[in-house]
Amino acid sequence: MSEHSFDREHPSVSSFEKHPYLWAISVGWAYFFAHQLSFFFPDAERILMAIWPASGIGLAALLLSPRRRWPGILITLFIAGNIANLISGRPFAGSIGFMTANVLESYGCAWLLTRFLGAAVSFSRIRDIMTLLFAMAVVNSCTASIGAVTAHVIGDAPFWQFWKTWWIADGLGILLITPFIVSWAQHWRNRFPIKWPRLLEQVLFLSIWSALTWISFNIVPCPIPPYLLAALLAWPMFRFGTTGTTIALVVLTG
C-alpha cells in the first residue's frame, strides 16, 4: 500500500503532513507528560512504574504516521523519554536501557500490526484487536526482558518480578491507550457538527459507568457484581462503536 493511500485512509493525520515537525513535537510532549504521570505510581522498589500509558502513545503515534515518518517519531520518543527519566532522577545508563526497550516495543508492535493489517489500522474489527493482543504479548515479552535486565542491574529485586511488572504495565498501556487514541483520531472529523442527542447519551452513559465503577472498587462488600460492568459495555459497543468503548475502558482503568 502506497503512502498516498495511507494518507487518504487516515484523514486525521492529513493536516500534519504539511507540518511534520509540529506532529513530532506534539508526540514528544504527549510522551513526556505520560512519563511524568507514570512516575506518580512506582512499583514497590520504586524503579519501574505500575502504570505506563506512554507505551500506548508511542504505538499510536506510529500507527497514525506514514512509515517514512517512523524514524523521526522513534527518535522523538527516545529523546522525550530520556529527558523525562533524567529529570525524575533515573540514572543515565538505566534511562538508556529503559528507552531502548520502549522504542523497540513501539516499533515492533507497529511493524507487526501493519504487516498483518495493512497501513490503515482502525481497531474496529475483531481481527484488529486480536492482532493487537498478539503483538502486545509477543513483542512486549521480548522488550520486558530488556527492561527487566536494566532494572535488575540498578535495583535489587528478582528479574522475574521486574519482568512481570513491565509486561503488565506496558501491556495495559498498549491495549487501552493505543485503540483509544487511534479510534478518536481517525473519527475526529465526524465529531462535527456536534449531534447533541448522541452527546447527551454519551454523557449519561459515562456518568452511570463512572458511578458503578467507583462503587464496585470502593465499597466492601461490593453490592454490584463484576459481570454487570461487563454487560454494561454492550451499551457503548452498539451505540458508540470503538471510540465509546475505548473511553469507557480508559475511565475504568483510571
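Predicted model: local features only at pLDDT ≥ 70, side-chain atom pairs only at ≥ 80, totals over all residues.
Local features need pLDDT of at least 70, side-chain atom pairs count only at pLDDT 80 or more, and totals for chains, interfaces and linings use all residues. Residues are numbered from 1 along each chain as its sequence is written, and side-chain values use heavy atoms, with hydrogens and water left out.

Student: How far does helix α6 reach from its first C-alpha to its last?
Tutor: Helices are DSSP runs (H or I, at least four residues), numbered from the N terminus. Helix α6 covers residues 92–117, 26 residues in total.

Student: Which residue just after α6 takes a positive phi?
Tutor: Just after α6, a phi of about 90° belongs to G118.

Student: At what angle do α3 and α5 pack?
Tutor: Two packed helices are described by the angle between their axes and the distance between the axes. Axes are lines fitted to C-alpha atoms over the stretch in contact, and angles run from 0 to 180 degrees between N-to-C directions. Helix α3 (residues 20–38) and helix α5 (residues 70–87) have axes 9 Å apart. Their angle is about 35°.

Student: Which residues of α3 make the contact?
Tutor: Contact means heavy atoms within 4.5 Å. On the α5 side, the residues include I73, L77 and I87. On the α3 side, they are W23, A24, V27, G28, Y31, F32, H35 and Q36.

Conventions:
Helix = DSSP H or I, 4+ residues; strand = E, 2+ residues; numbered from the N terminus. Expected span 1.5 Å × (residues − 1).
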